[in-house]
Amino acid sequence: MTIQVSAYKWVPDFAQGFVRDLRVRWALEEAGVPYEADLIDVMNKGASYSRWQPFAQVPAYRDGEVEMFESGAIVIFLAGKYEALSPTDDAGRARVITWVLAALNSIEIHTAQLGAIDLFHKGEAWTVERRPQVIKDLEARLAQLSEWLGDKDYLEGRFTAGDLMMATVFREIDRTELLSKHPNLCAYLDRCTSRPAFKRAMEAQLQPFRENEPA
Ligand SMILES: N[C@@H](CCC(=O)N[C@@H](CS)C(=O)NCC(=O)O)C(=O)O
């Protein structure tokens, strides 16, 4: 069976290009593996969808043998299968898993809070008090990451699924000035998103949005 990845038919402008199926599409594009998008309606996902993704979110993945959800888990799974996403030795794989989880657990926990403050709860009183601490925490993490990256092209030298995940997380704060304080992180993000596989994945996510734009 051709791999299937769930994605949305259409989302509002602010979310276009940021829906997390992009991570899975990008991983599959890097690996050169064909897949089909199973497009669902964000406002009416259908009762059966939560048997594939318990939280009724995207992405979910299936290939006829394996069925899973959570973008991080899917990307780690694919990294275990395709050399384009990870070295094949245990030590190399362990580093890739480490960086995927670092992106999600050490960086995205902060970027997601900033997203909640600046986008989803914009204007609410509590955000004024909370925002400075979120910025401070994020700045500290980015400084540490900038130090780690130094003048390397990628987190472990070669491109891996860890970079893929980190770049998708960085994109969430690309609209802020947080990244621009670290020229090496900006160049790193550009390097990752200039990859042809990223561009193909992005186009694949955006195409249905153009076709299903509400009248
Ligand atoms: N931790 C999940 C998060 C998935 C997620 O947040 N999906 C969003 C799109 S990026 C979604 O489907 N939101 C709509 C909803 O929650 O109903 C993952 O990484 O796969």
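In this predicted model, a polar side-chain atom of Arg-20 sits 3.3 Å from an oxygen atom of the ligand. Taken alone, the ligand exposes 510 Å², and the protein buries 71% of that. The space the ligand takes is the largest pocket.

**Ligand shell**
- The residues around the ligand are Tyr-8, Val-19, Arg-20, Arg-23, Lys-45, Gln-57, Val-58, Pro-59, Glu-70 and Ser-71.
- By class, this shell splits into four nonpolar, two polar and four charged residues.

**Polar distances to the ligand**
- For Lys-45, an N or O atom of the side chain is 2.5 Å from a ligand oxygen atom.
- For Gln-57, the corresponding distance from a side-chain N or O atom to an oxygen atom of the ligand is 2.9 Å.
- For Arg-20, the value is 3.3 Å, again to a ligand oxygen atom.

**Loop between S2 and S3**
- Strand S2 covers 35-40 and strand S3 covers 60-62; Pro-59 lies in the loop between them.
- The peptide bond joining Val-58 and Pro-59 is cis, with omega at about 10°.
- Both Val-58 and Pro-59 belong to the residues around the ligand.
- Ala-56 is placed in this loop between S2 and S3 as well.
- Phi of Ala-56 is positive, about 55°, although the residue is not a glycine.

**Glu-70, between S4 and H2**
- Glu-70 lies in the loop that runs from strand S4 (67-69) to helix H2 (71-81).
- Its phi is near 80°, a positive value in a residue other than glycine.
- Glu-70 counts as partly exposed because its relative accessibility is 40%, between the 20% and 50% cut-offs.
- Glu-70 is one of the residues around the ligand.

**Ser-71 and Arg-23**
- Ser-71 lies in helix H2.
- With a relative accessible area of 6%, Ser-71 falls under the 20% cut-off and is therefore buried.
- The side chains of Ser-71 and Arg-23 make a polar contact at 3.0 Å.
- Ser-71 and Arg-23 are both among the residues around the ligand, so this contact links two members of the shell.

Terms used. Residues numbered from 1 in each chain as written. Predicted model: local features only at pLDDT ≥ 70, side-chain atom pairs only at ≥ 80, totals over all residues. Heavy atoms only, no water. Near = heavy atom within 4 Å. Polar contact = N/O pair within 3.5 Å; in protein donor to acceptor, adjacent residues only side chain to side chain. Areas by Shrake-Rupley, 256 points an atom, 1.4 Å probe, with all protein chains shown as cover. 1 Å grid on protein atoms, 1.4 Å probe; cavity = no way out; pocket = protein on both sides within 12 Å on 5 of 7 lines; lining within 4 Å. Sits in = over half its atoms within 2 Å of the grid points. Nonpolar A, V, L, I, M, F, W, Y, C, P; charged D, E, K, R; others polar. Helix = DSSP H or I, 4+ residues; strand = E, 2+ residues; numbered from the N terminus. Buried < 20%, exposed > 50% of the residue type's maximum accessible area, 1.4 Å probe, protein only.
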